[in-house]
There are 2 protein chains.
Amino acid sequence: MTDRAQLIPALKNIATRLRIDSIRSTSEAGSGHPTSCMSMADLTAALFFAEMRFDPKDPHNPNADRFVLSKGHAAPILYAAWAEAGAFDRGELLKLRRIGSDLEGHPTPRLPFVDVATGSLGQGICAAIGTALNARRIKSSYRTYVLIGDGETAEGSVWEAANVASLDGLDNLCGITDVNALGQSRATMWQHDMAQFQRRWEAFGWHAIVIDGHDMNAILDALADAKQTTGRPTMILARTIKGKGVSFVEGKDGWHGKPFKKGEEAERAIAELEAQRVPADGGVDLARQIPKPAAAAAAAVTPRPVGPPAYKIGDEVATREAYGAALAKLGEADARIVALDADVKNSTFSEKFEKAFPDRFYENFIAEQVMVGAAMGLAARGAIPHASTFACFLSRASDFIRMAAISNVNIKLTGSHAGVSIGEDGPSQMALEDLAMCRAEPNYTVLYPCDAVSAERLVAMASYRPGPAYIRTSRPKTPVIYGNDDAFEIGGLKVLRQSAQDVVTVVGAGVTVFEALKAYDKLKADGTAIRVIDLYSLAPIDAAGLTAAARATGGRLITVEDHYAAGGVGDAVAEAVAGAGFTVHRLAVREIPRSGKSEELLDRYGISAAHIVNAVREVTVGAR
Amino acid sequence: MTDRAQLIPALKNIATRLRIDSIRSTSEAGSGHPTSCMSMADLTAALFFAEMRFDPKDPHNPNADRFVLSKGHAAPILYAAWAEAGAFDRGELLKLRRIGSDLEGHPTPRLPFVDVATGSLGQGICAAIGTALNARRIKSSYRTYVLIGDGETAEGSVWEAANVASLDGLDNLCGITDVNALGQSRATMWQHDMAQFQRRWEAFGWHAIVIDGHDMNAILDALADAKQTTGRPTMILARTIKGKGVSFVEGKDGWHGKPFKKGEEAERAIAELEAQRVPADGGVDLARQIPKPAAAAAAAVTPRPVGPPAYKIGDEVATREAYGAALAKLGEADARIVALDADVKNSTFSEKFEKAFPDRFYENFIAEQVMVGAAMGLAARGAIPHASTFACFLSRASDFIRMAAISNVNIKLTGSHAGVSIGEDGPSQMALEDLAMCRAEPNYTVLYPCDAVSAERLVAMASYRPGPAYIRTSRPKTPVIYGNDDAFEIGGLKVLRQSAQDVVTVVGAGVTVFEALKAYDKLKADGTAIRVIDLYSLAPIDAAGLTAAARATGGRLITVEDHYAAGGVGDAVAEAVAGAGFTVHRLAVREIPRSGKSEELLDRYGISAAHIVNAVREVTVGAR
């Protein structure tokens, strides 16, 4: 270990290099946030070169300390630090923000040293909760460091994270707030009033340390203090100067997100910084001294086989209940499966998992953002997290769901209580736009089982399909219609009724499958045959299967969904069959619903069996 | 004024009646949350019958105190209080949650005394900020009271609200937390540890008062204390018992959202409560003594006429900049126009409005949930609020956007920096699912101008169209293509190029309009004529105009959008023309994009002029 007398000048010089790199790369790019990097340069130098244990050549080592840059717009200094550590050639930094480079404007996991994409403020700290929880899960001593901006502190998700971290006693988590007092458009809420920050973090149960973020000794002391603090997380509140190191921008408004002009302006700034190099013992090469994490045992995880479902056809089981049962079963077979909920575990039935595996269940109380954010962090470190709440409240975490897509991270979300079929609780509790939300993202798997068997199968399949997934479950009990050995596949569908005489294909999903089956019976009694499809996989979607059904039924397709008209089942089917020239007749909820009985609502909003029967008659006028 | 000796027994009896009503209505409905009502009955009685000034027969009086039930699941006691006050017949309470009744499971503004729908926790307190700001705007002394649950305190949006309210010094706002210690599925985070609540609210700058929420004297004292507190909002932290008043449910887990069984169980509970009636002076009728608000001058607001835009064809102006200019112009003509932003006013250009009308501009710092929530409260009280941020960060408030739909409240949202055309900042800053989010809601107006003239016209039209609206603006400068006197309409479109020889219709919106125009030129040079449409109104949509164009161009339609494929322009057009049997060929972003130059990205992700040219050739193979 290098002593402080040697360490500090070496760290100061690294900080200066990181500032220069941040300026050079953004000036070359012609855009970016150099001044936001410069305020955190001393903190970054200390973290990377005197605190964290990691291997620059193997950032994914399971025991390596994690660093999450929650203020993602400071990406250039993150890249500079990894280059300084030897992860890649410094020359790459000059490709910042170019289309051929993975050094993007904000960090994404295209880079091996980035766990989750940041750039939407207030999310990195939630993900950091997940990486900290993961250390407990795998019994590793790695620590998680997360750097947030002061402006970022206004985001409610930061306080969701603050609560959860202190309740969970995450002393392996160390936050650092870069209090540079300037936001994008103006001074921040509390500027340099450090007491405002301190009293908030202390009130939320954190150990809070106020320091001068440019005093290297103070930074090292605070990090040591954090490491020795047990039973609660630490937040280091670092008073900093935006643009620190370059006199003509230091603490000045109007320099957010603005590069130094390449040429004279940038060179003048760099010259000022160069002049700040301090004499340092030539023998100290901190990058080579980064302590490596403990070697990890090759974690060959082979989940034990899970038996088939054990339901009986005709049993009445809500898909949400089947979800909970499936999760508990998977948990038995695979230790990576974990579950998160937001105080509705007795409605989503994640409580079945909690009961079996209390140590792998994370209660987030009524805080959906940190729930999804923590899931992202857990997933980034190898867990397979299933997060659940009412589907409508997943919209609370919509921006996290978006960023999880950008991260392409392995989270599994399940939203229960979909649609008007929930009944009397009314519209605030009904998810009618959740399919639109998740289908919009190009890499989400979106599944919607209608019965317990398909629910169990799809929960298992979603668990082992890489990338983000969304499973929609329903509140009412529905009859089991599939055999325990029936095969399902992601991107598949089931044709439930068919004959050579079918005049139309009706595509349902979830509760509307049963409305379609009722309509089938009614129409059959009248001598009209229809094809009925259970479209349990919305993304990916079986375009060939849908097109074949359309072709076999005179090009007539009706979709029926317990969801608003835009972005759901109808749109999914319409795009799938458009290439073949087929259009879709859509039954969907088209106005703000109200309280009432489930059946009343299905009928009032046009998605009951009676409406399907009418639609079939309408589209087949003149057919046959 | 009744003295306390008379007041308190009368209030206690009202509280008992409210408890009984909450039980009767939920038992009759067979669902609902009686125990969550019972914990807040004493608080409710004091608020409605000894504190607030309002007219039960005219709840919309502009000077009436506001009450927001943020814990919307306690709706039955809200309804019972208004019935007790004389707003409607008590017998109506027994229709709770029935399809024919406006007394829904959670409150919505279908009821005249509800400003905004609640039931998604943590939102009512944000809306309350808006109603409190509105009092300042109209120079009224009315006060806003908002009751939240203790479990609700976990929502980050509560802390966004806490910050904004204290920064704005909203001493006309009084919060009450019903700390009943039990959430839906388990004990809350801090149960009855009142210090946990107090230190948080104090840290966030509120006057925090801890009381026993069943001690009527203490409640009245706290309300008086709040009223006398200046310069900051007050939070009354009331320790309560869930199910208070009925011994067999008091403080018991397992009674959340569970009605007493109609018959013996309910009657036993009611008998217990009846026995709690206290002797009271028969002459005190608190409902008749509710102080009426000051009569309001008939607020006939006639906005002054706004002149036409004053751009020059060919000028390069970003639509986001035109938005800011339009807003400032509207602000001049109509005092109801207000603006909110989340620390990006220099990017959204709402700063143009702030500069002109600093008193009507509300900075929310980086806290999108409270921004949209406050806009909802402002709108509910007669303002016309425009809230803006990067379009991608509006997804942070997605659940608020959903609840604004349920409220059908008059908010106007503008999201800037749409799509990959923003360039180097990368995917975290690109909105590619915002159209899907807003189109999903059945009552949102969704507009997407491509130039400054249409932006100015559409901002004005959105302002005066009742209900929620979303306007999508773009980062890059685009040429002005419309004349200052060109007419636009909500639900309209513009055919920019047409001839009798058109072989295909290309529908663009925003930046892709210019790609379509470039494609037109290229194809024209090759002897191919295409029709080009600017679809500036996505909801409502001109189905007839699109269908006519499709029909005139051989049924061939191509859409091109700077948005993901699901839920955007392509889906909107596809549904609009499906009835006529036409399908759509869609060009859209189909993978997670990356950093790069705007033009590079438009091309890489398949939505540039070159891709349109290829698509036209593809769909017209064999045509003509």
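**Salt bridges, interface and a strand pair**

In this predicted model, A:R19 and A:D42 form a salt bridge through their side chains, with N and O 2.7 Å apart. A:R19 belongs to helix α1 (residues 4–29) of chain A and A:D42 to helix α3 (residues 41–50) of chain A, so the pair ties together parts 23 residues apart in sequence. A:R19 is buried at 4% relative accessible area, and A:D42 is buried at 6%.

In chain B, B:K262 forms a salt bridge with B:E28, the closest N and O atoms lying 3.0 Å apart. B:K262 sits in the loop between β5 (234–239) and α9 (264–274) of chain B, and B:E28 in helix α1 (residues 4–29) of chain B, 234 residues away. B:K262 counts as exposed, at 57% relative accessibility, while B:E28 is partly exposed at 32%. Salt bridges also link A:R17, A:D21, A:E84 and A:R90 in a network. Over all chains, the whole structure holds 73 salt bridges.

Eleven salt bridges cross the interface of chain A and chain B. One of them joins B:E155 to A:R396, with the closest N and O atoms 3.7 Å apart. At this interface, 103 residues of chain A contact 103 residues of chain B. The two chains bury about 8200 Å² between them, 50% of it on carbon and sulfur atoms.

Strand β18 (residues 557–564) of chain A runs parallel to β19(A), and four bridges join them. In one pairing, A:Y564 has A:V589 of β19(A) as its bridge partner. From β18(A) the chain passes through helix α20 (residues 569–578) of chain A to β19(A), a right-handed β-α-β crossover. Four of the five residues of strand β19 (residues 585–589) of chain A are buried.

Key:
Residues are numbered from 1 along each chain as its sequence is written. Chains are lettered from A and ligands numbered from 1 in the order in which they are written. This is a predicted model: local features need pLDDT of at least 70, side-chain atom pairs count only at pLDDT 80 or more; totals for chains, interfaces and linings use all residues. Side-chain values use heavy atoms; hydrogens and water are left out. Buried means under 20% relative accessible area, exposed over 50%, partly exposed in between (1.4 Å probe, protein chains only). Helices (H or I, at least four residues) and strands (E, at least two) are DSSP runs, numbered from the N terminus. Two strands pair if DSSP finds at least two bridges between them. A crossover is right-handed if, with the strands pointing away from the viewer, the path from the first strand over the helix to the second runs clockwise. Contact means heavy atoms within 4.5 Å. Buried area is the accessible area (1.4 Å probe) that two parts lose on being put together, summed over both. A salt bridge is a side-chain nitrogen of Lys or Arg within 4 Å of a carboxyl oxygen of Asp or Glu.
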